[in-house]
Amino acid sequence: IKAECPKLQLALPTPDEIEKWICEAISEDLIERDATEEVCKLLDEHFGAIPDCEKLVDMLWDKVKAECPKVALRVPTPDEIEKWICEAISEEMIEKEATE
């Protein structure tokens, strides 16, 4: 399968791609909940207890989320799916795990 993949040239993600990934991540409720807990835990360790920490972090999270462009969900194209699969199977660690 790997041989069938087009030769990929690695490129740094564009700022738009980075923004898209960040916005997708911060839109996930589970990530938000875990991140909020972790931020409050770190703040508590370094600065002591902060009253209403989770509420404050939630407010900050919402402000950042509001900066994200409104993007309609779409189905990936066959070319995008092929690219993702080829990137995944090109990873040595994934190949090693899949063949053991």
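Buried means under 20% relative accessible area, exposed means over 50%, and partly exposed lies in between (1.4 Å probe, protein chains only). The model is predicted, so local features need pLDDT of at least 70 and side-chain atom pairs count only at pLDDT 80 or more, while totals for chains, interfaces and linings use all residues. Residues are numbered from 1 along each chain as its sequence is written, and side-chain values use heavy atoms, with hydrogens and water left out.

**Figure 1. Overall fold of the protein chain, which has five helices and zero strands.** Helices (H or I, at least four residues) and strands (E, at least two) are DSSP runs, numbered from the N terminus. Along the sequence the pattern reads α-α-α-α-α. Of the 100 residues in the protein chain, 11% count as buried.

**Figure 2. Salt bridge between Lys20 and Glu24 in helix 1.** A salt bridge is a side-chain nitrogen of Lys or Arg within 4 Å of a carboxyl oxygen of Asp or Glu. Side chains of opposite charge can pair when their charged atoms come close. The closest N and O atoms of Lys20 and Glu24 are 3.8 Å apart. The two residues are four positions apart in helix 1, about one turn of the helix. Lys20 counts as partly exposed because its relative accessibility is 42%. Glu24 has a relative accessible area of 41% and is therefore partly exposed. A search of the whole structure finds two salt bridges; the other one is shown next.

**Figure 3. Salt bridge between Glu32 and Lys65.** The side chains meet with an N to O distance of 3.3 Å. Glu32 lies in helix 2 and Lys65 in helix 3, so the pair ties together parts that are 33 residues apart in sequence. Glu32 is buried because its relative accessible area is 11%. Lys65, with a relative accessible area of 24%, is partly exposed.

**Figure 4. Disulfide between Cys23 and Cys68.** A disulfide is a pair of cysteine sulfur atoms within 2.5 Å, and a search of the whole structure finds two. In the link between Cys23 and Cys68, the S to S distance is 2.0 Å. The torsion about this S-S bond is about -90°, so the disulfide is left-handed. The pair links distant parts of the chain, 45 residues apart: Cys23 is in helix 1 (residues 15-26), and Cys68 is in the loop between helix 3 (53-67) and helix 4 (78-90). Both Cys23 and Cys68 are buried. Ile22 is also found in helix 1. The C-alpha atoms of Ile22 and Cys68 are separated by 8.7 Å, and these residues are 46 apart along the chain. Ile22 is partly exposed because its relative accessible area is 44%.

**Figure 5. Disulfide between Cys40 and Cys53.** The sulfur atoms of Cys40 and Cys53 are 2.2 Å apart. The link is left-handed, with -100° about the S-S bond. Cys40 in helix 2 and Cys53 in helix 3 are 13 residues apart, and the pair links distant parts of the chain. Cys40 has a relative accessible area of 11% and is therefore buried. Cys53 is buried as well, with a relative accessible area of 10%.

**Figure 6. Nonpolar surface patch made by Phe47, Ile50, Leu56 and Met59.** Patches are made of residues with over 30% relative accessible area and no salt bridge; like charges are joined within 9 Å, and nonpolar side chains (Val, Leu, Ile, Met, Phe, Trp, Tyr) within 5 Å. Accessible areas come from the Shrake-Rupley method with a 1.4 Å probe, and for residues only the protein chains shown count as cover. The patch of Phe47, Ile50, Leu56 and Met59 covers about 410 Å². Phe47 belongs to helix 2 (residues 29-47). Phe47 counts as exposed because its relative accessibility is 65%.

**Figure 7. Negative surface patch formed by Asp34, Glu37, Glu38, Asp44, Glu45 and Glu54.** Lys and Arg count as positive and Asp and Glu as negative, while His and the chain ends are not counted. The place of a charge is taken as NZ of Lys, CZ of Arg, CG of Asp or CD of Glu. Helix 2 gives the most to the negative patch, with five residues. Glu38 is placed in helix 2. With a relative accessible area of 40%, Glu38 is partly exposed.
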